[in-house]
Every structure is written in C-alpha cells, then in structure tokens.
Amino acid sequence: MQTRNTDRLISLLCLVGAVVFWGTSFAALKSALASFSPMTVIWLRMAIATTVFAPMWFFLPKPEYRRGDIKWLALITLLQPCVYYLAEGYAIRYTTSSAAGVISAIVPLLVAAGAWLFLKEHLTLRSVMAIAISLAGVAMLSLGGQSQASAPNPALGNVLELIAMVAAAGSMIALKHVSTRYNPWFLTGLQAAVGAVFFLPGAIAGNPSTWADATPLAWACVAFLGTVVSLGAFGLYNTAVTRMPANRAALAINLVPAVALLTGWIALGETLAPVQLAACVIIVGAVVLSETGTKPAVPAEEIATGLSHAS
C-alpha cells in the first residue's frame, strides 16, 4: 500500500511539474522576445537543448531503421521544430501569451482529426463535435482580441499560433509511424539538433552583436525554454505515463491553458476581453468534452513527444 501511494504521489508531482513548465513557457517566450528577435530565441533554445542533450546520445537504444524512414523523419523535423517555431515565434510577438496558451489546448483534438484523416483511425461523434467547437472558440478568441501593448495584432498572432498547432499535430501523426522503432528521447534530440541547424542563419541575420544588450531576465527565459521546457517537461510527463494509465495522464494537458492564463496575468499583466474569456471557456470545454469520451486514438506518450517542443 505504501509503495502504491508513493508511486501515485510521484506521478502527481511529475504531472504538476510538466503542466507548470508547459504553461509558463508562453510567458517566458514573451519575455525573451522583448530582447531577442524570434529567430534568435528559437535558435538559442534549440542550441541549448542540443548541448544539454548531447551526452544522452550515448545511452539511447539504437534505432531500428527501415527503408523509407528518412522521409518520415524529415517530415517530423520539418513540421516541428521548423514550421512550428517559425509560426509560434512570431505568434507570441503579436498576441498575448495567455491566448497562445489556450489555443495550444486543441493539439490533442487536431491529432485525433489528423489520425482519422490520414491513418484511418476511428473518430467518434463526440470528438468531431469537440473539434468543431474548439475551432469556433479559436475564431472567437481571435476576432474578439483588442490591441494592447503585449498584443499589437491579436488576430494575426492567434492565426499563427493555430498554424503552429497544426504543424505540431502533423508532426505527432508522422511520428506515430516510427515511434515503435525509435526511442522518444532520440526523436526529441533529433528535433532539437535539426532546429539548431535550421534556425542558425536567422539567428546570424538577427545581428548577434546585440545579444550582449539583452537583459538577464531574457537570457534566463531562453535557458528555461531550452532546458526545463524542451527537455525537462517531456521527461516528467513521460515518467508519469509509465506509472499511471495514459488516458488519465493526458487529462493533465488540459490544465496548460489555465497555467498560461494565470502566468500571463501575474507575470506580464496581460488582459483578455470578455468575449475572449468566453472563448477560453469554450476551447477548454471542447477539450474536456473530447477527453470525457472514449480513450484518445493517439496514446498520450506520443502527444508528450510533440508537446516537449510545442511549448
């Protein structure tokens, strides 16, 4: 009994840690963008993640490469981190971190829709309704946005964030084809390494000589994004999944928007218009509607792999 209680406590703490890291990542990104260009922030976090992850390559199981896998690996890394970070890096510049955090909640729904469309997996009527409701909520969130210091063009920013979520979902669906032959940590490290190479020209074009003028807070946020979010949150979530049913662990993802909203309000003083607050309730409600139905078609472990970079 004591062992069971200990495992339950460890699982809970891991889930809480992962949700907090993912939820606070949007405010951290917003703060980093105050001193760095989007391309610079993206490259720095990818470079930091790659450097920290480097020693782990020697301890990972050898991949079971099959002919044709290179196409899937290329698609995975093209969508995430490349397309994903391009879209989100600029999305956070134009919208609030709170709104971006709420939009991120629809990733599991997009994965379910994509799995039905491309992998012929079963999609329930409840899931279809949830996807439609969530997209309507995103539209309300965008159209109801008001320009403010932290969100000069909320409509554009929210659309870019939605594109980022579509890219993240597409990467997860492609990842499903190779996940049984490739260790998830291997795929995480591969995405970080590809991102570090892909975004290097953009970082150089952003005038590295100005990096010395960045505030200590901005550097701290970049380090947080590169290590704690990109690597730590995934590790904590995966640990929880090994100790509890995957569908129960997946429910914790729904708490990310709440943490993002709270962090944006406390740390950045962000506000949401009444119609946007209603849209947030609709989006979170749609996710809950989906999760209270049948077991998700895509295992939570695979969602975790994508979320390690989708924050």
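These are legends for a few close-up views of a predicted model.

**View 1. How confident is the model overall?** The average pLDDT for the protein is 80. Of the residues, 82% score at least 70.

**View 2. Residues 296-310, where pLDDT stays under 50**. For this stretch the model has 52 contacts beyond four places in sequence.

**View 3. F21 and F224, one of nine aromatic pairs**. The ring centres of F21 and F224 sit 6.2 Å apart, and the planes meet at 80°; that angle is over 60, so we call the pair edge-to-face. F21 belongs to helix α1 (residues 2-32) and F224 to helix α10 (residues 216-241), so this pair ties together parts of the chain that are 203 residues apart in sequence. Buried or exposed, or something in between, for F21? F21 has 23% relative accessibility, so it counts as partly exposed. F224 is partly exposed too, with a relative accessible area of 22%.

**View 4. F53 and W57, an edge-to-face pair**. Here the rings are 5.2 Å apart centre to centre, with 85° between the planes. F53 is buried, as its relative accessible area is 1%, whereas W57 comes in at 32% relative accessibility and counts as partly exposed.

**View 5. Which residues join F53 and W57 in a cluster?** Ring pairs bring in Y182, W185 and F186, linking them with F53 and W57. So keep in mind, when looking at this view, that F53 is the buried residue with a relative accessible area of 1%.

Conventions. Residues are numbered from 1 along each chain as its sequence is written. This is a predicted model: local features need pLDDT of at least 70, side-chain atom pairs count only at pLDDT 80 or more; totals for chains, interfaces and linings use all residues. Side-chain values use heavy atoms; hydrogens and water are left out. pLDDT is the predictor's confidence in each residue, from 0 to 100. Contact means heavy atoms within 4.5 Å. Rings of Phe, Tyr and Trp (its six-membered ring) pair if their centres lie within 6.5 Å; planes under 30 degrees apart count as stacked, over 60 as edge-to-face and the rest as tilted. Helices (H or I, at least four residues) and strands (E, at least two) are DSSP runs, numbered from the N terminus. Buried means under 20% relative accessible area, exposed over 50%, partly exposed in between (1.4 Å probe, protein chains only).
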